[in-house]
Amino acid sequence: MTDALRIGVILGSTRVGRFADKPAGWLMGLAQKHTGATFDRLDLLDYPMPFFDQPKSPFREPSKDEAAQRWAKKLGELDGFIFVTGEYNHSVPAVLKNALDHVYAEFNRKPATFVGYGNAGGARAIEQLRLMLVELQVAPLRNAVHVSREQFMGMLLEGKTFADFPLLAQGAEAMIKELLWWAEALRAARLRIEQR
Ligand SMILES: Cc1cc2nc3c(=O)[nH]c(=O)nc-3n(C[C@H](O)[C@H](O)[C@H](O)COP(=O)(O)O)c2cc1C
């Protein structure tokens with residue numbers, strides 16, 4: 001298989017003035033160096049799904065909502081995911097949970113990694129996200145980037161940028177490398193099994 005892997009960078013917040021754009025932009029910049037893959041920025045603002053209101057779970061039947069169908073189609077084209085998320089009440093923003101609830105098969109047997117930010121580096125949100133993703137048959141990886149409170153506040157209030165924290169880029173590089181390994185391995189397995 002020589003086609004470039006396709007990775008989705010999913011922004012977990014749609015809040016006015018969200019911080020999410022900063023880590024997502026930074027990550028997209030780092031990701032461009034990886035020639036074996038393309039990275040799509042997926043903004044939930046482009047997929048304005050209602051709170052899940054369908055008669056059946058997407059496990060049983062695809063959502064009939066137009067935005068959810070576009071979202072599902074997009075996810076289906078991808079081989080892996082990087083979730084960029086803040087922490088809302090020790091979990092992920094509701095808009096991200098809702099976006100997960102609207103789909104099923106398009107996530108299956110694909111790996112995911114994470115960039116989190118907040119008082120505890122987004123760790124509690126990421127841990128919860130890992131648990132949710134297991135139910136969607138996503139393989140959540142160990143690697144993640146945690147933007148600590150000090151780093152987060154430095155960027156929010158003191159004009160600092162990701163360039164001021166080179167260890168974050170080091171972590172992101174390791175995370176992307178691991179994600180691409182899993183994305184390639186699972187894509188090969190999906191294709192092999194589909195051919196049987
Ligand atoms: C409803 C709400 C709940 C929050 N709860 C937490 C929290 O539990 N832990 C935390 O570290 N930060 C919390 N915060 C602060 C967020 O981490 C911070 O606002 C961050 O910028 C949110 O990401 P966003 O700007 O990309 O939406 C909360 C913010 C909001 C709006």
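Two strands pair if DSSP finds at least two bridges between them. Helices (H or I, at least four residues) and strands (E, at least two) are DSSP runs, numbered from the N terminus. This is a predicted model, in which local features need pLDDT of at least 70 and side-chain atom pairs count only at pLDDT 80 or more, while totals for chains, interfaces and linings use all residues. Residues are numbered from 1 along each chain as its sequence is written.

**Strand β3**

Strand β1 (residues 5-11) pairs with β3 in the parallel sense over five bridges, and within β3 the bridge partner of G8 is F81. β3 also runs parallel to strand β4 (residues 110-117), to which five bridges join it; here F81 stands opposite A112.

A residue is buried if 20 or more other C-beta atoms lie within 10 Å of its own, exposed if 12 or fewer, and partly exposed in between, with C-beta atoms placed from the backbone. Six of the six residues of β3 are buried, so the strand is largely enclosed by the rest of the structure. G80, I82 and V84 point one way from β3, and F81, F83 and T85 point the other way. In a regular strand the side chains alternate between the two faces of the sheet.

**The core**

A nonpolar core is a set of buried Ala, Val, Leu, Ile, Met, Phe, Trp, Tyr and Cys residues joined through C-beta atoms within 7 Å. The largest one has 53 residues, of which V9, L27, I82 and V84 touch the most other members. Helix α6 (residues 166-195) gives the most to this core, with seven residues.

Two residues are in contact if their C-beta atoms, placed from the backbone, lie within 7 Å. Leaving aside neighbours within four places in sequence, I82 is in contact with residues including I7, V9 and L179.

**Helix α3**

In helix α3 (residues 94-101) the buried residues are L96, A99 and L100. They cover an arc of only 100° around the axis (taken from the directions from the helix axis to the C-beta atoms), which puts them on the same side of α3. Their cover includes α2 (66-76), β3 (80-85) and α4 (123-135).

Most residues other than glycine have a negative phi.
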